[in-house]
Amino acid sequence: MSNYTLHRGTAPLLISLPHDGSAIPAAIADRMLPAARRSVDTDWHVGRLYEPLAKALGASVLRPVASRYVVDLNRPADGQALYPGRRETGLVSTIGFNGEPLYLDGAEPTADEIQRRVNEFWRPYHDALSQELERLRAEHGRVVLWEGHSIRSRVPMLFDGQLPDFNLGTADGASCDNTLQQQLRAALEGQSQYSFVVNGRFKGGYITRHYGRPESGVHAVQLELAQLNYMDEDSFAYDEAKASLLQATMGQLLRLCIE
């Protein structure tokens, strides 16, 4: 299985989509429960959402092939929790967002297997991410890393009630400079179609926190979208009409990153 695809752009913008993949190798899927084999917690269609925007802006795009159930690329390789004290899935999770087990009883991955998955899938993605950031920073002097994510609008295990439509995260302002954060917030405040929050439940995962170094010219922003705005959350069917409206606001945010 190929680990990822990378399109190298010309603008100082790298769009990383670490949960876009849904493939599960047969040797892993055979040990999973039938429902888990569908990789239901994928960030469905984010690649499709971002592709025309990236093309128009000249952005680089990095996308994995494997599901987050294989290994979560937005978690630290040592498995440390992102939100200590909260229930959450892990680096190689054994539960889904519904709290139910992913594996057949007794078939959970061992520590050695987890390390193999890190070596085979996690490290190549992060090597590519680091190298592309450095290429763009060397060329432009400054680069924005945009972490594109999506999730069902209601996931009781992770948050109460319905998630806002746009969930912008900058690690409480640490992963990008204040000017960019304020510009993004102002753009969201200037529209009335979608609800939003900045540094709410999703402040940015490992990639945003680890790579965002504004003092070194790397600014990282995570956007978690509520999936009901562009797809049917039960069937996973893409909704072209909804998606088109959503992309208009997404494009406005992305343009601010390269202006």
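**Cavity and cores in a predicted model**

User: Which strand gives the most residues to the lining of the largest cavity?
Analyst: The model is predicted. Two elements, strand S4 (143–151) and strand S7 (218–226), each give two or more residues to the lining of the largest cavity. With 3 residues, the top contributor is S4.

User: How much space lies in the largest cavity?
Analyst: The model has 4 cavities of 30 Å³ or more. The largest cavity holds about 230 Å³.

User: Which residues that line the largest cavity are the closest to its centre?
Analyst: The lining of the largest cavity has 6 nonpolar, 7 polar and 7 charged residues. Of the 20 lining residues, the closest to the centre are His19, Arg68, Arg75, Phe202 and Glu224.

User: Which element supplies the largest share of the largest nonpolar core?
Analyst: This core has 42 residues, and Met32, Val71, Leu129, Leu133, Leu145 and Ile151 touch the most other members. At least two residues each come from helix H1 (26–29), helix H3 (111–140), S4, helix H5 (206–211) and S7. The largest share, 8 residues, comes from H3.

User: Which residues is Val71 in contact with, leaving aside its neighbours within four places in sequence?
Analyst: Val71 is one of the residues that touch the most other members of the largest nonpolar core. Contact here means heavy atoms within 4.5 Å. Beyond its sequence neighbours within four places, Val71 is in contact with Leu91, Val92, Arg117, Val118, Phe121 and Trp122.

User: How many residues are in the second, separate core?
Analyst: Among the members of this second core are Phe166, Cys176, Tyr194 and Ala243. The number of residues in this core is 37.

Note on methods: Residues are numbered from 1 along each chain as its sequence is written. This is a predicted model: local features need pLDDT of at least 70, side-chain atom pairs count only at pLDDT 80 or more; totals for chains, interfaces and linings use all residues. Side-chain values use heavy atoms; hydrogens and water are left out. On a 1 Å grid over the protein atoms alone, a cavity is a set of points where a 1.4 Å probe fits but cannot get out, and a pocket is an open set with protein on both sides within 12 Å along at least five of seven lines; lining residues have an atom within 4 Å of a point. Grid points are joined across faces, edges and corners, and a volume is the space filled by probe spheres set on the points. Helices (H or I, at least four residues) and strands (E, at least two) are DSSP runs, numbered from the N terminus. Ala, Val, Leu, Ile, Met, Phe, Trp, Tyr, Cys and Pro count as nonpolar, Asp, Glu, Lys and Arg as charged, and the others, Gly among them, as polar. A nonpolar core is a set of buried Ala, Val, Leu, Ile, Met, Phe, Trp, Tyr and Cys residues joined through side-chain atoms within 4.5 Å. Buried means under 20% relative accessible area, exposed over 50%, partly exposed in between (1.4 Å probe, protein chains only).
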